[in-house]
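Here is a briefing on one structure, for a reader who works with geometry and cut-offs. Look over the sequence and the model first, then read the points by topic.

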Amino acid sequence: MEIDAAHGEIERVLDALDATVIAERSLLETILMGVLARGHVLIEDVPGTGKTLIARNIARALGLSFSRVQFTPDLLPSDVTGTHVYDESTGEFSFSQGPIFANVVLADEINRAPPKTQAALLEAMEERQVTVDGETHDLPDPFVVIATQNPVEMAGTFELPEAQVDRFLVETAIGYPDESGEIELLRRRAERDERSPRTERVLSADRVRALQEVPESVRVDEDLLAYAVAIARTTRQRSACSVGVSPRGTQRLFEAARARAVLSGRAFVTPEDVKRIAPAVLAHRLVLTPDAAVEDVEKRAIVESVLDELPVPTV
């Protein structure tokens, strides 16, 4: 698929979402960037801001299967991946797929589940497969996890393991709509009988797979490769960070930058692409020192300070 054609299809998806979802277009672009780059998305926000609605309608617009898992303190790993069930008619055990077997999986309030269940997602997110009782089962293609979590100050939550957080391509937030947006939300509700709007289907799984191939053809100049590496390496030197961005994070920044270029309809990456996405791609990968955590140092502020400090290449 050509860049122009891919850009056109993405715009059609965004237009369909705009008609049903009250959200900043930049947020929808960030989530679609994750889909294009074959990554996963982590959304941190308070309940009631439309996280589930957005995930469901993105899946529908892309023509992908969707499942939602409500994470709770008593959720078991097998509740996510599936388990073997005895079939009395055959006298044998057969594998019953869990909700993880969908193209788009909404892991709702992921930080309400204990770490053991959160860890059950690791193999699925990284390898696109699950292993149950020694048997490996491939997940659908494409496969995207959109996870939501409550802010850490809310009661009854478990902090996500650092290894799992690193598996998310981007972390973002929805936020409350402005006054006009909230009025528009009520106006749209008054004009329909259903509580939740339904976005029209724009693409299909085959088209999404074709779209995911497009970023592979995007050009990234040598200066921008050095720029991405410099950003990651500088985070490792920050006194507020006990762990900076890993080489995996550098690679994800590269992949996200190419997807960002496709969203903009370009066959090449610009420095602005890298700067624009770096906080969302890198901030959640940082591990603060105990002193920095006590002082409530913001991880995004660290990445932004690195971006301000480094010279921007001219491409």
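The lining of the second largest pocket divides into 12 nonpolar, nine polar and 10 charged residues. Ala, Val, Leu, Ile, Met, Phe, Trp, Tyr, Cys and Pro count as nonpolar, Asp, Glu, Lys and Arg as charged, and the others, Gly among them, as polar. The volume of this pocket is about 710 Å³. The model is predicted: local features need pLDDT of at least 70, side-chain atom pairs count only at pLDDT 80 or more, and totals for chains, interfaces and linings use all residues. Residues are numbered from 1 along each chain as its sequence is written, and side-chain values use heavy atoms, with hydrogens and water left out.

**Second largest pocket**

- A pocket is found on a 1 Å grid over the protein atoms alone, as an open set of points with protein on both sides within 12 Å along at least five of seven lines.
- A cavity is a set of points where a 1.4 Å probe fits but cannot get out.
- Lining residues have an atom within 4 Å of a point.
- Grid points are joined across faces, edges and corners, and a volume is the space filled by probe spheres set on the points.
- The second largest pocket has a volume of about 710 Å³, and of its 31 lining residues, Gly 48, Thr 49, Gly 50, Leu 53 and Leu 185 are the closest to its centre.
- Helix 3 (51-62) and helix 7 (179-190) are the elements that give two or more residues to this lining.
- Helix 7 makes the largest share, six residues.
- Helices (H or I, at least four residues) and strands (E, at least two) are DSSP runs, numbered from the N terminus.

**Cavities**

- Rolling a probe the size of a water molecule over the atoms shows where empty space is left.
- The search of the whole structure finds two cavities of 30 Å³ or more.
- The largest cavity holds about 80 Å³.
- Its lining consists of Ile 10, Val 13, Leu 32, Val 35, Leu 36, Leu 62, Val 208 and Leu 211.
- Helix 1 (3-18), helix 2 and helix 8 (205-213) each give two or more residues to that lining, and helix 2 gives the largest share, three residues.
- By class, the lining of the largest cavity has eight nonpolar, no polar and no charged residues.
- The second largest cavity has a volume of about 50 Å³.
- Val 220, Leu 224, Leu 225, Ala 228, Leu 253, Phe 254, Ala 257, Val 269 and Val 274 line the second largest cavity.
- The class count for the second largest cavity is nine nonpolar, no polar and no charged.

**Sheet and hairpin**

- Five strands form an open sheet in the order 2-5-8-1-9, with parallel pairing.
- Strand 2 (66-70) and strand 9 (170-172) are at the edges, each with a single partner strand, so one side of each has no neighbour in the sheet.
- From one strand to the next, the twist averages 15°.
- Two strands pair if DSSP finds at least two bridges between them.
- Strand 1 (residues 41-44) and strand 8 (residues 144-149) pair in the parallel sense over four bridges, and Val 41 stands opposite Ile 146 in strand 8.
- Helix 2 (residues 25-36) packs on the sheet and touches strand 1, strand 8 and strand 9.
- The direction of helix 2 makes about 160° with that of strand 9.
- Strand 3 (residues 82-87) and strand 4 (residues 92-97) run antiparallel and are joined by six bridges.
- Val 85 has Ser 94 in strand 4 as its bridge partner.
- The hairpin of strand 3 and strand 4 has four residues between the strands, and Gly 91 takes a positive phi near 75° there.

**Helix packing**

- Axes are lines fitted to C-alpha atoms, for helices over the stretch in contact, and angles run from 0 to 180 degrees between N-to-C directions.
- The axes of helix 11 (residues 271-282) and helix 13 (residues 299-309) come within 9 Å and cross at roughly 145°.
- Lys 275, Ala 278, Pro 279, Ala 280 and Leu 282 in helix 11 meet Arg 300, Val 303, Glu 304 and Leu 307 in helix 13 (contact means heavy atoms within 4.5 Å).
- This contact has six nonpolar, no polar and three charged residues.

**Backbone exceptions**

- Most residues other than glycine have a negative phi, and most peptide bonds are trans.
- Asp 141 and Pro 142 are joined by a cis peptide bond, with omega about 0°.
- Pro 142 is in the loop between strand 7 (135-138) and strand 8.
- Glu 109 is not a glycine, yet has a positive phi of about 55°.
- Glu 109 lies in the loop between strand 5 (104-108) and helix 5 (115-127).
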